[in-house]
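Have the viewer open while you read.

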Amino acid sequence: MYNRHSSQNNQLMRQSEELISKASNRYRITVQVANRAKRRRQEDFDNMDEPTMKPVIQAVIEMWEELNQPEILAD
């Protein structure tokens with residue numbers, strides 16, 4: 001049975017692979033994701049609204065969006 005979680009995992013895997021493939025240095029992109037996730041975790045801890053997804057996943061998705069949709073940075 002094909003469930004929603006597996007499709008989300010597949011999409012996340014594609015996004016992270018694309019992020020790594022476009023990076024000039026895998027170590028550097030890994031550190032950037034870790035630092036962004038750390039900041040995100042601290043922000044979520046301060047807000048304590050509703051934990052929607054893990055900070056590392058949020059960081060990967062945000063960085064992938066910035067890489068592939070530069071128009072969101074122009075705002």
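Helices (H or I, at least four residues) and strands (E, at least two) are taken here as DSSP runs, numbered from the N terminus. Keep in mind that this is a predicted model, where local features need pLDDT of at least 70, side-chain atom pairs count only at pLDDT 80 or more, and totals for chains, interfaces and linings use all residues. Residues are numbered from 1 along each chain as its sequence is written, and side-chain values use heavy atoms, with hydrogens and water left out.

Of its 75 residues, 17% count as buried, where buried means under 20% relative accessible area, exposed means over 50%, and partly exposed lies in between (1.4 Å probe, protein chains only). The accessible surface comes to about 6,300 Å², and 52% of that belongs to carbon and sulfur atoms; these areas come from the Shrake-Rupley method with a 1.4 Å probe, and for residues only the protein chains shown count as cover. Take the contacts between residues at least 6 apart in sequence, with contact meaning heavy atoms within 4.5 Å: 51% of them join residues at least 24 apart.

| Residue | Relative accessibility |
|---|---|
| Met63 | 10%, buried |
| Arg36 | 17%, buried |
| Ile20 | 33%, partly exposed |

Met63 belongs to helix α3 (residues 55-68), while Arg36 sits in helix α2. The two are 27 residues apart in sequence, and their C-alpha atoms are 8.9 Å apart in space. What is Met63 in contact with, leaving aside neighbours within four places in sequence? Its partners are Leu19, Ile29, Gln32, Val33 and Arg36. With that same exclusion of neighbours within four places, Arg36 is in contact with Ala59, Glu62, Met63 and Glu66.

Ile20 is in helix α1. Not counting residues up to four places away in sequence, Ile20 touches Arg26 and Ile29. Ile20 and Trp64 are 44 residues apart in sequence, with 9.6 Å from C-alpha to C-alpha.

Now for the core. In soluble globular proteins, nonpolar side chains tend to be buried together. A nonpolar core here is a set of buried Ala, Val, Leu, Ile, Met, Phe, Trp, Tyr and Cys residues joined through side-chain atoms within 4.5 Å. The largest one has eight residues: Leu12, Leu19, Ile29, Val33, Ala37, Ala59, Val60 and Met63. Two or more residues of this core come from each of α1 (4-22), α2 (26-47) and α3. Leu19 is in contact with Ile29, Val33, Val60, Met63, Trp64 and Leu67, again leaving aside neighbours within four places in sequence.

Finally, the largest pocket. A pocket is an open set of points on a 1 Å grid over the protein atoms alone, where a 1.4 Å probe fits, with protein on both sides within 12 Å along at least five of seven lines; lining residues have an atom within 4 Å of a point. This pocket holds about 250 Å³ of space, and its lining consists of His5, Gln8, Asn9, Gln11, Leu12, Gln15, Met53, Ile57 and Ile61. Both α1 and α3 give two or more residues to that lining, with the largest share, six residues, coming from α1.

Note on methods: Grid points are joined across faces, edges and corners, and a volume is the space filled by probe spheres set on the points.
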